[in-house]
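Subject: Structure handover

Hi,

Here is the structure I promised to pass on. My notes follow below it.

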Amino acid sequence: MKILQRYIAKNIIASTLLVLLVLLGLYTFMDFITELDDLGKGNYQILDILSYLALTMPKRIYELLPVAALMGSVIGLGNLASQSELVAMRAAGVSIKDINKAVLIVAGLLVVVALVMGEVFRPIAEQKARQMQSVSQTGTVGSRSEYGFWTRDGNHFNHIERINADGSFSNVAIYEFDDKHRLRILTQAAAAEYQQDSWILSDVVQSTIDEKGVEVSSVAHARWKSQLNPGMVNIVVVPPEFLPVWDLLEYVQYLKRNHQSVAQYELAFWSKMMMPLSTAVMVLLAVPFVFGPLRSTPIGGRVLAGTLLGIGFHLFNQSFQHMGLVFGLLPWLASAFPTMVFAGLAWLMNSRVR
């Protein structure tokens, strides 16, 4: 029995890899055409575009894995059915439950691939891709807007105009307020570099404001103790969905301590938690396509139906998450509901298979 299960799993994995390669080729070509619009911007050349596309490959694999899992499973099981191998297995006493066990093996392997790709390779590669692209085009690491970005650290509000390629800051302004929300100290620095557990400010001008007036002083260097660290800077540069879960959790706690909105980052966290489960659900949905109502349909029709179902899940998942963010739904519910719906659909369809 284990031999047959390995044989079924091997066919499904081979078909999934083939589908994934085809989808990667298609999406990479479209990304290449899109990147050509920025060709010649700064020092952004063809080799830079190819490097950028190579670094974004883990992101594409992570995004396409659920659809590829569904289509690959349908094709793999469909090929076995079209060659009457599944019929022979059933005649030899192999039950639908045994075939489902083989499918579960594939689902487990793809869950591991999704976790490794999403939490190990994707964050590192995506950060390097965006940094490389930004440095090639502008000479600096991209920030949230052309006017820099703001952070809050207790009663301190910090404005950083530019993030440099080495992780240092240029043109930093720190606004310190008292408990009555009155501006008391304004510190401006030409540069900031992280050393050990604090930032070293250079060319510092500090203005102290009180009832007597404004007192201005300047020093060459000063130490800035802040909860903001280089790891959190990556969160500013890279969208939350491209970050590992441990960085997201750290930043969520940082935002909560400073009484800032965390909905977007919590949604990204729960989306990443649900992604491996979504991949497993897509694989389990393939069994009814072979043994259910579509068993007499040619393989092309089954692939089309699987593709439409996979695209439907992707659109429903993305749309519901955005609606959850707009209407203030609980982040875990907005992320889990589409997967729960399709998991229920997979269970219902599999329960009707005989």
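His181 sits in the loop between β3 (169-177) and β4 (183-195). The phi of His181 is near 65 degrees, positive although the residue is not glycine. His181 is exposed, at 67% relative accessible area. The cut-offs are under 20% for buried, over 50% for exposed and partly exposed in between, with a 1.4 Å probe and protein chains only.

Before you go further: this is a predicted model, in which local features need pLDDT of at least 70 and side-chain atom pairs count only at pLDDT 80 or more, while totals for chains, interfaces and linings use all residues. Residues are numbered from 1 along each chain as its sequence is written, and side-chain values use heavy atoms, without hydrogens and water.

Other strand residues

Asp203 also has a positive phi without being glycine, near 50 degrees. Asp203 belongs to strand β5 (residues 198-210) and is exposed, with a relative accessible area of 52%. His221 is in strand β6 (residues 213-224). His221 is exposed too, at 55%.

β1 runs antiparallel to β2 (residues 156-163), joined by five bridges. Strands count as paired if DSSP finds at least two bridges between them. Phe149 has Ile160 as its bridge partner in β2. Two residues separate the strands of this hairpin, and Gly154 in the turn has a positive phi of about 65 degrees.

α3 is mostly covered, with 20 of its 26 residues buried. The helix kinks by about 50 degrees at Leu65, shortly before Pro66. A bend is the angle between axes fitted to the seven residues ending at a position and the seven starting there. Ser84, which follows α3, has a positive phi near 65 degrees.

Which helix gives the most to the lining of the second largest pocket? α3 does, with six residues. α1 (2-35), α3 (57-82) and α10 (299-327) each supply at least two. The lining has 12 residues, and Tyr27, Arg60, Glu63, Leu64 and His314 lie nearest the centre. The pocket holds about 340 Å³ of space. A pocket is an open set of points on a 1 Å grid over the protein atoms alone, with protein on both sides within 12 Å along at least five of seven lines; lining residues have an atom within 4 Å of a point. The volume is the space filled by probe spheres set on the points.

Helix α8 and the record

α8 (residues 263-284) has 22 residues and spans 31 Å between its end C-alpha atoms, close to the expected 32 Å. The expected span is 1.5 Å times one less than the number of residues. α8 has a kink of about 35 degrees at Met275, shortly before Pro276.

UniProt's unreviewed entry places "transmembrane region" at several stretches, including 61-81 and 102-121. Such annotations may be inferred rather than shown by experiment. Residues 61-81 are 100% helix, with end C-alpha atoms 28 Å apart. Residues 102-121 are also 100% helix, with ends 27 Å apart.

Best wishes

Notes: Helices (H or I, at least four residues) and strands (E, at least two) are DSSP runs, numbered from the N terminus. On a 1 Å grid over the protein atoms alone, a cavity is a set of points where a 1.4 Å probe fits but cannot get out, and a pocket is an open set with protein on both sides within 12 Å along at least five of seven lines; lining residues have an atom within 4 Å of a point.
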